Amino acid sequence: MTLTSETEVPAVPAAVRELRELFLAAAWPAAIRAAARLGVADALGDTPVTAEQLARQTGADPGALRRLLRALSQRGVFVMEPDGRFSHSETSRLLTDGGPRSLRHMALWATEPWTWEVWPRLEEAVRGGGDVFHALHGKDFFAYLHEDAPDSARVFDLAMTQASTLSARQLSAVLDLTGVDVLVDVAGGQGQTLATLLQDHPGPRGVLFDLSSVVAHADPRLTGDGPLATRCTLVAGDCRAGVPVEADLYLLKNVLEWDDDSTVTTLRNVAEHARPGARVVIVENLVDAGAEAGFTSAMDLLLLLNVGGKKHTRADLLSLVERAGLVVEEVRPVNAYLHMIVARADGR
């Protein structure tokens, strides 16, 4: 038998290779989730180790763990050394728990059990134009999280805090708080962003507004004996039902991702109690702006599935802001992937 050299093997067309990788792409979030849940990134130190050593530390089967890490190394998550040992890559270090730029909780959030239930129903969502979550669980997404999936709700809170940690300082650098006496972080999660703003800007007082189950676990800097506690008030509520807080500036960061009517209602709720001339600052990933269109477009589809919501284009979001009766003053980037829309509640 004569073996043909690799140079003589017909090349697989690029479009075929790309489509094959796409329709098997579910393997990658599953692999990332497995590595994160096993704690592989934290078990792996600064020197290469064998799969057998990692298996002992993580309670995994050595052969299966080797296969997992070999697969992830092909995507730049971990490095498979020539001798078969494994070491960190820049990407795999982001899966460590508590690292300075950790994405571990965000990766877990994007791969929670409910996500695997909704993705196969994308055709149904596209045909109907709304979420599939209520039909699956008999209740809306956030009610399900807090009533039936507390572990997933906790991952959500940690993921949102993690996301805020990465962007809060950059937002603080571009957000003008001159003349602001009271700042409200609407649906502000555990308050990572608000704490950063109060820490960087000693003038304003802050209000963290979110569901009672969320503010109950607020950033320790904002509660008890925390250094910012005397400047912060925790208020429980649902911004889609009302925002009964009078303030000079309202921040809505990665909040307006429901259906259009809910977005407009929330903005009107904010404007209802705003002081004369109050600013409403909206910070979002825009589908048609920034350096992460792939990430934002994927999130856009997930929002369709779970809450019937969306990520917005610039024009779409601006039209909703104006529909709510707010007057847009400025649109500017916060960083490579976030944009800030500054509006006035009364047009002044």
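The model is a predicted one. The chain has 348 residues, of which 46% are buried, and its secondary structure comes to 16 helices and nine strands. Seven of the strands form an open sheet with mixed pairing, and the largest nonpolar core contains 32 residues.

**Overall dimensions and contacts**

- The C-alpha trace of the protein chain spans about 85 × 50 × 40 Å along its principal axes.
- Of the contacts between residues at least 6 apart in sequence, 66% join residues at least 24 apart.

**The seven-stranded sheet**

- The strand order of the open sheet is E5-E4-E3-E6-E7-E9-E8.
- From one strand to the next, the twist averages 20 degrees.
- E8 pairs with E9 in the antiparallel sense, over six bridges, and Glu330 stands opposite Val342 in E9.
- Helix H11 (residues 150-174) lies across E6, E7, E8 and E9 and runs at about 140 degrees to E6.
- Helix H12 (residues 192-200) also packs on the sheet, where it touches E3, E4, E5 and E6. The direction of H12 makes about 175 degrees with that of E4.

- E3 is mostly covered, with five of its five residues buried.
- Burial extends to both faces of E3: Val182, Val184 and Val186 lie on one side, and Leu183 and Asp185 on the other.
- E3 and E4 run parallel and are joined by five bridges; in this pairing Leu183 stands opposite Gly206 in E4.
- Together with H12, strands E3 and E4 make a right-handed β-α-β unit.
- The pairing of E3 with E6 is likewise in the parallel sense and comprises three bridges. Here Leu183 stands opposite Leu249 in E6.

- Five bridges link E6 to E7 in the parallel sense, with Leu249 opposite Arg279 in E7.
- The chain passes from E6 through H14 to E7 in a right-handed β-α-β crossover.

**Nonpolar cores**

- In soluble globular proteins, nonpolar side chains tend to be buried together.
- Within the largest nonpolar core, of 32 residues, those touching the most other members are Val184, Val186, Tyr250, Leu252, Leu267 and Ile282.
- At least two residues of this core come from each of strand E3 (182-186), strand E4 (205-210), strand E6 (249-253), helix H14 (260-273), strand E7 (279-284), helix H16 (314-323) and strand E9 (339-344).
- H16 gives the most to this core, with four residues.
- Not counting residues up to four places away in sequence, Val184 touches Val207, Phe209, Val245, Ala247, Leu249, Tyr250 and Leu251.
- Another core lies apart from the largest one and has 24 residues, among them Ala195, Val215, Ala218 and Leu251.

- Glu112 is placed in the loop between helix H6 (104-109) and helix H7 (113-118).
- Glu112 has a relative accessibility of 6% and therefore counts as buried, the cut-off being under 20%.
- The side chain of Glu112 makes a polar contact of 3.1 Å with the side chain of Arg33.
- Beyond residues up to four places away in sequence, Glu112 touches Arg33, Ser152 and Val155.
- Asp157 is placed in helix H11, and its 10% relative accessibility means that Asp157 counts as buried.
- Asp157 touches Gln190 and Val214, again not counting residues up to four places away in sequence.
- The C-alpha atoms of Asp157 and Thr96 are separated by 18 Å, and the two residues are 61 residues apart along the chain.

Methods:
Residues numbered from 1 in each chain as written. Predicted model: local features only at pLDDT ≥ 70, side-chain atom pairs only at ≥ 80, totals over all residues. Heavy atoms only, no water. Core = buried A, V, L, I, M, F, W, Y, C linked by side-chain atoms within 4.5 Å. Buried < 20%, exposed > 50% of the residue type's maximum accessible area, 1.4 Å probe, protein only. Contact = heavy atoms within 4.5 Å. Polar contact = N/O pair within 3.5 Å; in protein donor to acceptor, adjacent residues only side chain to side chain. Pairing = 2+ DSSP bridges. Axes fitted to C-alpha atoms, helices over the stretch in contact; angles between N-to-C directions. Right-handed = clockwise from strand over helix to strand, strands pointing away.
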